[in-house]
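Reader: I would like to learn how to read helix packing in a protein model. Could you take me through it step by step?

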Amino acid sequence: MDLWGSNVKPDRGVNVEVILRCRPLNDDEKELKATSYKQIDKTFSFDKVFGPTSQQKELFDEAISPIVNEVLEGYNCTIFAYGQTGTGKTYTMEGGRVGVVESGEFPRDVGIIPRAVQQIFDVLEARDEDYSMKVTFLELYNEDIMDLLAPDESLNGPDDKSRKPIALMEDGRGGVFIRGLEQEVVCTADRIYKILEKGSAKRHTADSLLNMQSSRSHTIFSITIHVKESSSNGEELMKCGKLNLVDLAGSENVVRSGAKEGRVREAGEINKSLLTLGRVINALVEHSGHVPYRDSKLTRLLRDSLGGNTKTCIIATVSPSIHSLEETLNTLDYAHRAKKIKNRPEVNQRIERLRQEIYDEREKNGIYTPHDRFQIEEAERKALVEQIKNMEFDLVFKDKELMGLQKLHDTQQTLTAELSEKLQMTQKDLEKTQNTLLEIEGRNRKANATIKEKEHLISHLLQSEKSLTKQASELLEELEHATSEASNLFSKLEHQDKLENGNKILVQKFQTHLAKQLDVLQQTVAASVTQQEEHLKSMEKDFDYSLSKKMGGIQELTAQVRHLKKTHESGIKSLDDISEELDMSYRSAFSNLTSEVSRNSSALVGHFEEKFLEINDILDDIQRDLFNQQEKLAEFAEQQRQGHSKTLQLTRSMSEAMMKFFETLGTHTSSLTRIMEGTQKINGQKLYDLAKEFEDCAAFEKRQLLEKVAELLDISNDRKKNLVQTAINSLLESTASRTCKMQNEMSNLQDFSCSVESELTTHMETIATNYLVATSVMDNGKDGLEKCLQQCMSESRMGVSQLRNAQESVLDLQKRNFGSLDSIVRNELETSRMILSRASSLALSALEETGMADKSLLSSIENLLKLDHEAHKNIRSIVAPSFEDMKGLGNKHYHTILKIKEAGKCFLDEYKVDGPYCLTLEKRPSNIPRTESIEELRSPTFLKLTRPFSGDSSEQQETGDQNIILSDVCESVLHSLNNSRVTLTAIN
Ligand SMILES: Nc1ncnc2c1ncn2[C@@H]1O[C@H](COP(=O)(O)OP(=O)(O)OP(=O)(O)O)[C@@H](O)[C@H]1O
C-alpha cells in the first residue's frame, strides 16, 4: 500500500515559477565601467524580477516565503539557483553567516535557506502542532554524490581522495533514493544553521577568473517536514512536505571560466549535468515522449521537481556586466524555457493512525505496535528485508554493471566525439583534396590543351622557319639592295646637311653683317645727334653773348644820349641867360655887343661843333656797332644754316643707309624664304621618294612573302605603311607649319621694316619742316633786326642833319649880325631879341626835337631789344623741341636697332628650330662579321640619328619632338627590317 498520497487527488498542472535576480556591480566591474546601454531586442518574461538593489529579505518575503508555506501544507517544493559563476547563486541560497539572531531579525545578507528554516520553525511553533523535521545535505561533484552531513572522521577535507561517493538507487517506483545518506533530525533552527555551515565548508570550491570562491559542485539541501493535523471529520492527518534547496554550479563555458589544467574535466562534468538539465527542460517543454532524466545524476535526483509532483521555483541569477552579456542571455533563455515546464504538485498526506509512532520516532524511544499487527508486519518486514537484501545485492551488482557500462559509455562517447572530430577533419581534408584535385585536373586539361596548341604552333613555326630560311637568302639580296639605297639616301641626307650648313653659315654671316651695319648706323646717328646738340649749344651761347654785348652798347648809348640832352639843356639855359644878360646890358654894353655876340656866337658854334662832333662820333659808334651786330647775326645765321644743312644731309644719309639696310634685309629675307621653300620642296620630294621606294620595297616583300605568311605580312605591311605614312605626314605637317611660321615671321619682319621706314621718313620730314621753319624764323628775325638798325641809323642821320641845320642857322645869323651891326643898332636889339627869342624857340624846338629823336631812338633801341629777345625766345623755343626731337629720334633709333637685332635673332632661332637632321649610318667596325643579326644593327654603333646643334642644352630640349619623330621613322625602318628576320651585310 502506498503510504503517501495514494488517496490524494493530484493538483492541476502548474508552471515552474521563474524568478530573475541581477546582482549589483562588484568593485572590479565598477572600476572597469562594465555597464553598457547597448540595446538588445529580446524579451523574456519572468514571474518576478529582482534588481541589483534588491535585498535578501525582500526576495525571500516576496518569492520564497509562499513556497515555504506550501511545503508546510504538505507539498514537495524545489528551489533552484541557476546562473553563471559569480552571479550570486550561493549568496542567494545561503548568504552570509547567520551568527546571533537578535529579535528574530537576520543580518541583511543571510540567504534563503536560513530564512526558510526560520519560517518553518516559526510557523510550526505557532501552530502548536506535532511535527518532525529531517535535513539532508549532499553534493554532486564530477557525477559523484557526496554526503556533506557525513561524520567528520570519514573526511579529511574537501579534496580528500578517501571520500567515497554514495550510490544513487532506484526505489522501484520510478523514484530514486541515496543509500547511506545521513538524515539529521533537527528540532531547532540553530542546529540547521550549524549543519548548513559545516556542510558548506566541506563543499568543493576553487578560484576561477570570475569568482574567487567558485562552487565547483551542485548542492542539494533538503528539509523534510512531517506535520500531524486533525481533519474536519476528526481523523488525524499526517502531512509531509519537502523543500529542496538546490545551488547549482556555474553555467559558464569552460574557456571563459578560465578553468586550469585538471579543472577542465570538472567543468566538463558540471556542463554535462547542466546540459542534461537543459535537455530535460527542453523535452518537458516540447512534451517529447522521452525525457532524459537518467543521463545525469542531477536530473535523476531532481526528477520529481521537473515535470513531477513537485512545485518548482528557479532563481536565475545574472550579472549586470557587459562582459557577461552572452552568458546572461544564455541564462535568460534557459530560465525562460524552463518557465514552460508544467508540474503536477500533490499534497503528501495520510491518515494518522500511529500518533505514537511519530512520538516515538521523535523521541527515539521505539514504536508501539499492537501484537497481531506486529506479527503481520514482522512477517512482512522479514520478507521485505529478505527482498531488500536480495535487491540490494542485485542492485550492487547492477550498480557495478551500470558503472562499468557508464564508463564504457563515457569512453565510447569520448571515442565517438574524437572520431567524429577526426571524421569532420578528414571530411574537410577530403573536400580540400577534392577541390585541389579538381583544380589540378582543370589545370592539367588546360596545360594539355596549351601543349597541343603549342605543339601545333611549333610545327607550324618550324615549317614557317624553314620557308623563311629559304626566303632569307633572297631577302638578304633585297636587303643589300635596300642597304645601297639607304646609303644613297644617307648621302642625299648628307648633301642636304651640307646645304643646311651652308644656309646656316649664310644666316650667321648675314647676322654679323646686320649687327655691324646696325652698330655703324647707331654710331652715326649718335654722332650726328651730339654734333647737332653742340651746334645748337654754341649758337645759343653766341647769341647770348651778342645779346649781352648789344645790351651793354645800348645802355652806353642811352646814357650818352641822356648826357647829350642834359648838355643841350644846359646850353640852351646858358643861351637864355646870355640873351637875358644881353638884353639887360644892351644899353650899357652895346659897343661890346658885337665882340660879345661874336665871342658868344663863336663859343656857341665851337660848343655846338664840339658837341656835334661828339654826337657824330657816338652815332658813328652806334652805326658801327649795329653794322658789327648785323654782320655777326648774318654770320650766325649762315652758321646755323650750314649746321642745319649738315644735319639734314646726315639725316638724309642715315635715311638712305636705313633704306639700303631694309632693302638688303628684304632681299635676304626673300632669298631665305626661297631657300626654305626650295628646301621644303626638296625635303618633300625626298620624303615622297623615300615613301615610294619604301612602299615599292614593302610591296615587293609582300608579294614574296604573301604566299607563306600572308596574314602576318599584311598586318606587318599595313603597320609599316601606317607608321611611315604617319611619320611622313607629321614631318610634312611640321615642315609646312614651320615654313608657314617662318613666312609669317618674314612678313611680320617686312611689315615691321616698312613701319620703321615710314616712321623714319615722317621723322625726316618733320626735321626738314622744323629746319625750314627755324630758318625762316631766323631770317625774319634777321630782317627785323636789319630794319631796326637801318631805322636807327636814319634817325641818327636825321638828328645829325638837324644839328647841322641849327649850327648853320646860328652861323648865318652871326654873319648877318656882323654885316649890319652898325646900321641896325636900335633895331638890332629888337632883332637880337627876336633872333634870340627865335634862337631860343629854335633851341627849344631843337631840344624838343632832340628829345623826341632821343625818345624815338630809345624806343627804337628798346624795340630792337624786344625784337632781339623775342628772336632769342623763338630760337630757344625752336632749339629746345629740336633737342627733344633729336633725343627722341636717337632713342627711337636705338630701340628700332634693338628690335631689328631681336628680329634678326628670332629669325636665326627660327631657322635653327628647323635645323638640319641627319641620319648617319656609321661604318661597321672590322671586328664584327658581315652577317650580324638585325638586333645588332639596332645598336648605335651602326645606325644613329644625329642632329647637329650648337651645344646649347635648352635648344636640344626644345627640339626633342623632332628628334622623336625622326627617331620613329628610323625605328619604323628598323622595325620593318627586324620583322623580316633578315641578316644585314656590311654597310660602308
Ligand atoms: N545580490 C547581491 N548583493 C550583494 N553581493 C552579491 C549579490 N550577489 C552576489 N554577490 C556577491 O558576489 C560574489 C559571488 O557570489 P556567489 O559566490 O554567491 O556567486 P555564485 O553564483 O555562487 O558563483 P559560483 O557559481 O562560482 O559558486 C560574492 O562575493 C557575493 O557576496
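Reader: Which residues in H4 meet which residues in H5?

Author: Ile 113, Pro 114, Val 117, Gln 118 and Phe 121 in H4 meet Ala 189, Ile 192, Tyr 193 and Leu 196 in H5. Two residues are in contact if their C-beta atoms, placed from the backbone, lie within 7 Å. Helices (H or I, at least four residues) and strands (E, at least two) are DSSP runs, numbered from the N terminus. This is a predicted model, where local features need pLDDT of at least 70, side-chain atom pairs count only at pLDDT 80 or more, and totals for chains, interfaces and linings use all residues. Residues are numbered from 1 along each chain as its sequence is written.

Reader: How should I describe the way two helices pack?

Author: Two packed helices are described by the angle between their axes and the distance between the axes. Axes are lines fitted to C-alpha atoms, for helices over the stretch in contact, and angles run from 0 to 180 degrees between N-to-C directions. Here H4 and H5 pack at an angle of about 160°, and their axes are 9 Å apart.

Reader: What does that make H4 and H5, roughly parallel or roughly antiparallel?

Author: They are roughly antiparallel to each other. Angles under 35 degrees count as roughly parallel, over 145 as roughly antiparallel, 65 to 115 as roughly perpendicular and the rest as oblique. The crossing of H4 and H5 is right-handed; a crossing is left-handed if the near helix is turned anticlockwise from the far one by less than a right angle, and right-handed if clockwise.

Reader: Which residues of H4 are buried, and what covers them?

Author: A residue is buried if 20 or more other C-beta atoms lie within 10 Å of its own, exposed if 12 or fewer, and partly exposed in between. In H4, the buried residues include Ile 112, Ile 113, Pro 114 and Val 117. Their cover includes helices H2, H3 and H5, along with strands S4, S12 and S13.

Reader: Where does Gly 83 sit, and is it buried or exposed?

Author: Gly 83 belongs to strand S4 and is buried, because 32 other C-beta atoms lie within 10 Å. Beyond its neighbours within four places in sequence, Gly 83 is in contact with residues including Lys 89, Ser 251 and Thr 331. An unreviewed UniProt entry places a "binding site" at positions including Gly 83 and Gly 86; such annotations may be inferred rather than shown by experiment. Gly 86 lies in the loop between S4 and H3, and it is buried too, with 25 other C-beta atoms within 10 Å.

Reader: How many residues apart along the chain are Tyr 75 and Asn 348?

Author: They are 273 residues apart along the chain, yet their C-alpha atoms are separated by 6.2 Å. Tyr 75 is in the loop between H2 and S4 and counts as buried, with 22 C-beta neighbours inside 10 Å. For the protein, 79% of contacts between residues at least 6 apart in sequence join residues at least 24 apart.
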